[in-house]
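Subject: Structure handover

Hello,

Here is the structure for you to look through. My notes on it follow below.

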Amino acid sequence: MTIAFAVYGKKEEEIFSKFKPYVFQWFQQSFSSMTPPQSLALPEILNGKNVLISAPTGSGKTLAAFLTLLNFLFDLGEKGELNNEIYVVYVSPLRALNNDIKRNLMEPLKGIRKITEEKGIELPEVRVAVRTGDTPQSERSKMLRKTPHILITTPETIAIVLSAPKFREKLKSVRFVVVDEIHELADSKRGVHLSLSLERLQDLVGDHQIVRIGCSATQAPLEEISKFLVGFETEEKPRDCVIVDASMIKQTKIAVQTPVKDLIYTPEESLSHALYVNLDELITDHVTTLVFTNTRSGTERVVFHLQDIFGEKYVDNIGAHHSSLSRKHRLDIEGRLKKGELKAVVCSTSLELGIDIGYIDLVVQLGSPKSVSRCLQRVGRSGHKLHEISEGVITVLDRDDLVECTVLGKAALEGKIDRVQIPKNCLDVLAQQLLGMAIDRRWEVKEAFELVRRSYCYKDLDFEDFINVLEYLAGEYVELESRRVYAKIWLDRVDERFGKRGRLTRVIYYTNVGTIPQETQVDIFVRHGKKKSWVGSIDEGFLERLSPGDIFVLGGKTWKFKYARGLKAYVSPAPERRPSIPSWVSEMLPLSFDSALEVGRFRKKVSQKILRGEKKEKIVEWISGEFPVSLIEATNIVNYFIEQLKFTGGIMADNETLVVETVVDDMGRQNIIFHSLFGRRINDALSRAYGYFLSKIVRGNVSIAINDNGFSLTIPKGLKVLNVEDFVRKITKDNLENLLKESLEKTELFKRRFRHCATRALMILKQYKGHKISIGRQTMNAHFLIAAIKQISENFPILKETFREIVEDHMDIINAKKVLDWMEEGKLNVVVFEGSDIPSPFAHNLFAIGQSDVILMADRKELLERLHKQVLEKIKAQTQELTNI
């Protein structure tokens, strides 16, 4: 593969000499000059090269992609060769983004047409249309008669239209595919699904190679993402791709701050109040502020408290925006934001991507963004234009978050973007796409296998796994027919061919396509006489905790719960009533492996300075000078590190040291605390393996608590691990996978993920014969299927995929094995710290999580204060401190 990095741009006149004069004229009238990504990308796209553009939000990268494509279509029009066919497919992960793109495309089309009319040049209409799951049937039929030349769509819809007999004929003329926000797709099964659809599209168009263009604001490593975009020409040779790296051309300003000087002893209410006072000051000092939280419940909480504390100041000028709110509410917030009617909008992840939301001059991130790419993506929503500064403030409330965000903030400013992990060999997605291919036409097995392997996500797929998936689809596991799993294809093992089977197969595929798993949600309604209106939705688990008369927050408003019927709940407005804040069941964002290692390196640098005897003031000045924090935050960090080193006698976990600490709690239970700075996904894998192994030794339940900085194992009272270091060495890269497989087999996590995989593989249907199948029914089907499949084969493809998804995508077994390998090779030192009844300062947050069965969350702050006091008392009581501290 030739991966060329575009490193300089040609002169504007030279580039536009290859464009139609009226296209160049429109550009000159609309913009003062080309942006770097445009000057770098346009010549490459003009030359028919595959291009990956990495550039910040507002840098004109989408226009760089489309300008060449519009010029191509106008050229066809002048020649009289612009037919009733699709030439450009634009794929976006968000439906809302699709509508924005259509609006943004219409502007140059109208502007160019105006110029050509003035010049007396006749051009045929260049048509643009959006097709998603929301597109009415009448619009779809219209597209067949009056086909768009540019089709804007989603990964799911492109898979459907590839199998639509009439519409697929319109796709045979496709010359360009644009994949926007590619980083949002690359690390998920939606991206895997799209990669196979692009290979199916290439197969459909025949000999000419489709030009693929990828756009994203934050992505790394660029070489791997480019391979994901373009796929493989042959088994060993990736297609060529030019990488345009203009990611650091925009000025970015990031500050990490705490609302109070003392994060330990400030009372919870005072800390919370200071947070909102600080947030109010930031909002007041700026035109429009976008506030990011990491959970939907956090979004609701922020809006409620701002309105509760500041009263009339925040009534109609603030809004909540997240995926559990109705589409009507979200569109209303987006529209008012564009018009400048809102002073602030609080959201979780729903406004991260490039939806046009108007002018934002400040982004506030509450808590850690957990990755550099997410930090840049969110902060990049401010100062949307290239010449404007993207300004972000990260506000933290505890010392672990402070250390983490200090490191992430600097890494973001330096452009050290976390590496994306692209899922590989997903057998459930493969099953779905193979069925789509069988609907298209008859295939030779070898021919289909070669097509699949051209996708970067399947370049290493074993032929045996491929055949197992075909056998499942062909119904060769006849025992599953009693569970209503029937053959969907025929498979001829003599001639090695396969194709569609059954009249309903096409409909089953159309109505069940996609990779996003369905979660159990309860719809919330308000009754207006006999009519009702939808307010939003909550998780089913939250509904179980509600009683009639309870008050909760949704959409920034308070509601009174009345009653529920099935998965529908009915409420009435409850203005000015104090709520119990909703607590959605949602996984916290994990710290990425790369960022965790950066935190470890920071720990090592600071601890070495302390142990060398450098003055505290000098270290504080160094941190505030090198990192985006003030002297107040830097002092907090240094004090935290000094306490840890004094308490442990100079022991500090970092990127090269794993510290394992033992603590006996108030109930007499031994807690083994691993200070493993590798992020939650790696710690999840390691903790499950160690916990399972330990439970076999003690023959009892072992409680596990995890976070990004480590994990703890709590052993039943009366039992104890005597040789901790020997225990740590028992888990190796060779036995980790088997231990995880054994530990996961009967868990709710495995059952839930199996349902997701079985649904993607069309083993469990979401819809059948026009009827939606409830998630409750799907869950029961999954329960019975697991039992049936295990009797057939432990190597059944969907079982195998469920385990792969958990250990590779949900957890991170690849990097967990790397950590264990470092331990075995001596690259990661293991230090055992035999504590007493007090955990070390760096273990306090983990210890509090581990004690959650005996303390209430309201008492967590009190517990952390008590532990801190005990630490200081122990340090003071020590007769001999480290001489060099």
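Buried means under 20% relative accessible area, exposed means over 50%, and partly exposed lies in between (1.4 Å probe, protein chains only). This is a predicted model, where local features need pLDDT of at least 70, side-chain atom pairs count only at pLDDT 80 or more, and totals for chains, interfaces and linings use all residues. Residues are numbered from 1 along each chain as its sequence is written, and side-chain values use heavy atoms, with hydrogens and water left out.

Salt bridges

A salt bridge here is a side-chain nitrogen of Lys or Arg within 4 Å of a carboxyl oxygen of Asp or Glu. The count comes to 50 salt bridges.

Lys 20 pairs with Glu 78 in one of them, with the closest N and O atoms 3.2 Å apart. Lys 20 sits in the loop between helix H1 (12-16) and helix H2 (21-30), while Glu 78 is in helix H4 (residues 61-79), 58 residues apart. Helices (H or I, at least four residues) and strands (E, at least two) are DSSP runs, numbered from the N terminus. Lys 20 counts as buried because its relative accessible area is 15%. Glu 78 has 40%, so Glu 78 is partly exposed.

Glu 805 bridges to Lys 189, with the closest N and O atoms 2.6 Å apart. Glu 805 lies in helix H30 (residues 797-810) and Lys 189 in helix H10 (residues 189-205), so the pair ties together parts 616 residues apart in sequence. Both Glu 805 and Lys 189 are buried. They also belong to a network of salt bridges, whose members include Asp 428, Arg 753 and Glu 801.

Lys 370 and Glu 404 form another salt bridge, at 3.1 Å between the closest N and O atoms. Lys 370 is in the loop between strand S13 (362-366) and helix H15 (372-379), and Glu 404 is in helix H16 (residues 399-414). Lys 370 is buried at 9% relative accessible area. Glu 404 is buried too, at 4%.

Two other spots

Thr 289 is in strand S10 (residues 289-292). Its relative accessible area is 0%, so Thr 289 is buried. Thr 289 touches residues including Leu 282, Lys 343 and Val 364, not counting residues up to four places away in sequence; contact means heavy atoms within 4.5 Å.

Asp 734 is in the loop between helix H26 (724-728) and helix H27 (736-744). Asp 734 counts as exposed because its relative accessibility is 62%. Asp 734 and Leu 820 are 86 residues apart in sequence and 9.2 Å apart in space, C-alpha to C-alpha.

Best wishes
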